Structure formats: structure tokens, C-alpha cells
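We will go from the whole chain to single residues, one stop at a time.

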Amino acid sequence: MRLVLVGPPGSGKGTQAKLIAEHFGIPAISTGDIFRRNVAGETDLGVQAKKFMDSGDYVPDSLTNAMVRERLAEADCEPGFLLDGYPRTIDQVDALDGMLSEQGRRLDAVVELVAPADEVVPRLLLRAETEGRADDTEDVVRRRLEVYAEQTEPLIDVYRKQGILLDVDGLGEIPEVADRIRAALEGVSR
Ligand code: ADP
């Protein structure tokens, strides 16, 4: 199963990614988490990524694509993977396409977690209090939503035209949303 999970900041992607990946026995790969680990470890990549992340902007495609290429080459991705937070730009869509077609593979499905902005902003501000993520302040949250609308929403149409998009309502309790995603994926052929 090769899956992508897409949705606005605060839509619950990270939580759902872990549940779905566990269900299918594949790794959940979160580019946001990998970047945050690199920032915490003060690696070269982390130092370069930090300034973009802190302002709510995307890390440049060249850095992001190289990082994902390395991650997907690891052995645990052989049976499949779930990408959470990648691709986020058209350039990343093309890069991922290239990585997969080199191996004669393609995506099985793209799940869009649908959640309106007036629902996700309060969730993110609440998370700011509980998890203390540097990019959850109100200004940066607004910027992240803007960047999502500008750079990531167009991807949804690309995947819809390819016939692999599944949209799932992201509102409700965590297990309820997870059930919806599993149900949507049931019909996907591999
Ligand atoms: P969000 O809740 O905003 O979706 P993530 O944890 O997925 O948060 O990502 C946090 C930050 O990491 C993003 O705002 C961005 O700066 C960076 N990032 C994550 N994934 C990507 C990507 N695919 N391309 C560029 N930047 C990314």
C-alpha cells in the first residue's frame, strides 16, 4: 500500500497517519516530524529548515525532496508507506512521481482529510498550549493555512484528475475519522 495523507494544518493528519499505517503494517513518514528531529538535533538540514518552519513557510523543495528520497530508500518502505505532509507542492508531486516510477511503482491512493479553517485554528492554538510547538502561535498558524491554500490545495485536483483521490470528513472523534479512512481505502486495489 503506497499512500499519501493530505489536509490542512490541524486536520489531524499526524494522529490518523499513525493509526492507518499501523492498520496496514507500513511506516508512517511525517516530513514535519523528520524536520523537527533535525532541528532539535541541530543537523545541517535542521539548521537550514528552521527559519522556514518558524515563519510557517515550506522548506525548499530541493531539501525536502532529497530527504524523502533517502527515507523511501530504506528497507521498511519495501512493503509500502504512508506519507504524511508530503508532497505539499507541485514540484514535490513530480519528484515523488519520479522516485516511484524509477522503481516501477505508483501511489495507490491519496486521502484528503477535509476540515474547515474555523475548525482547525482553535485546535492548533489549543495544541500550542499543550505541546508548545514553536509554529503554533496565532500569526504563524494563519500563515501556515495561507501557504496550504496557495501551494498545497492545487495538488488535490491533480490527484483527483488521476482518479486516486479519496476525500474523508476530518471532523469528529479520532476513532470515527479513522474508521472513515479505513472504509474509504477498502475499495482501493493494490
Ligand atoms: P502541519 O500541522 O502544519 O501540517 P507539519 O508537522 O506537517 O505541520 O509540518 C511543519 C512544518 O514543516 C511546515 O510548516 C513546513 O515548514 C515543514 N514541512 C513539513 N513537510 C514539508 C514539505 N513536504 N515541504 C516543505 N516543508 C515541509
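**The whole chain**

Helices here are DSSP runs of H or I with at least four residues, strands are runs of E with at least two, and both are numbered from the N terminus.

Two notes on reading the model. It is a predicted one, where local features need pLDDT of at least 70, side-chain atom pairs count only at pLDDT 80 or more, and totals for chains, interfaces and linings use all residues. Residues are numbered from 1 along each chain as its sequence is written, and side-chain values use heavy atoms, with hydrogens and water left out.

Of the 190 residues, 46% are buried. Buried means under 20% relative accessible area, exposed means over 50%, and partly exposed is in between (1.4 Å probe, protein chains only). Take the contacts between residues at least 6 apart in sequence: 71% of them join residues at least 24 apart. A contact means heavy atoms within 4.5 Å.

**Helix α3**

Select residues 44–55, which form α3. Which of its residues are buried? They are Leu45, Gly46, Ala49 and Met53. Seen down the helix axis, these buried residues fall within an arc of 80°, so they line one face of α3. The arc is that of the directions from the helix axis to the C-beta atoms.

Just after α3, Gly56 has a positive phi of about 90°. In the loop between α2 and α3 sits Glu42. Glu42 is not a glycine, yet its phi is positive, about 50°. Most residues other than glycine have a negative phi. At 64% relative accessibility, Glu42 counts as exposed.

**Arg71 in helix α4**

Select residues 61–72 for α4, then pick Arg71 within it. Is Arg71 buried or exposed? Its relative accessibility is 17%, so it counts as buried. Beyond its neighbours within four places in sequence, Arg71 touches Pro27, Ile29, Ile34, Asp76 and Cys77.

Go to the loop between β3 (81–84) and α5, where Pro87 lies. A cis peptide bond joins Tyr86 to Pro87, with omega about -5°.

Then move to the loop between α5 and β4 (109–114) and select Leu107. Leu107 counts as buried because its relative accessibility is 8%. Leaving aside neighbours within four places in sequence, its contacts include Arg2, Val4, Phe81, Leu96 and Tyr159. Draw a distance from Leu107 to Leu96: their C-alpha atoms are 9.2 Å apart, and the two are 11 residues apart along the chain.

**The pockets**

The largest pocket holds about 980 Å³ of space. Its lining has 39 residues, and Gly10, Lys13, Arg127, Arg133 and Arg144 lie nearest its centre. A pocket is an open set of points on a 1 Å grid over the protein atoms alone, where a 1.4 Å probe fits, with protein on both sides within 12 Å along at least five of seven lines; lining residues have an atom within 4 Å of a point. Points are joined across faces, edges and corners, and a volume is the space filled by probe spheres set on them.

Colour α1 (13–24), α2, α6 (117–131) and α8 (174–186): each supplies at least two residues of this lining.
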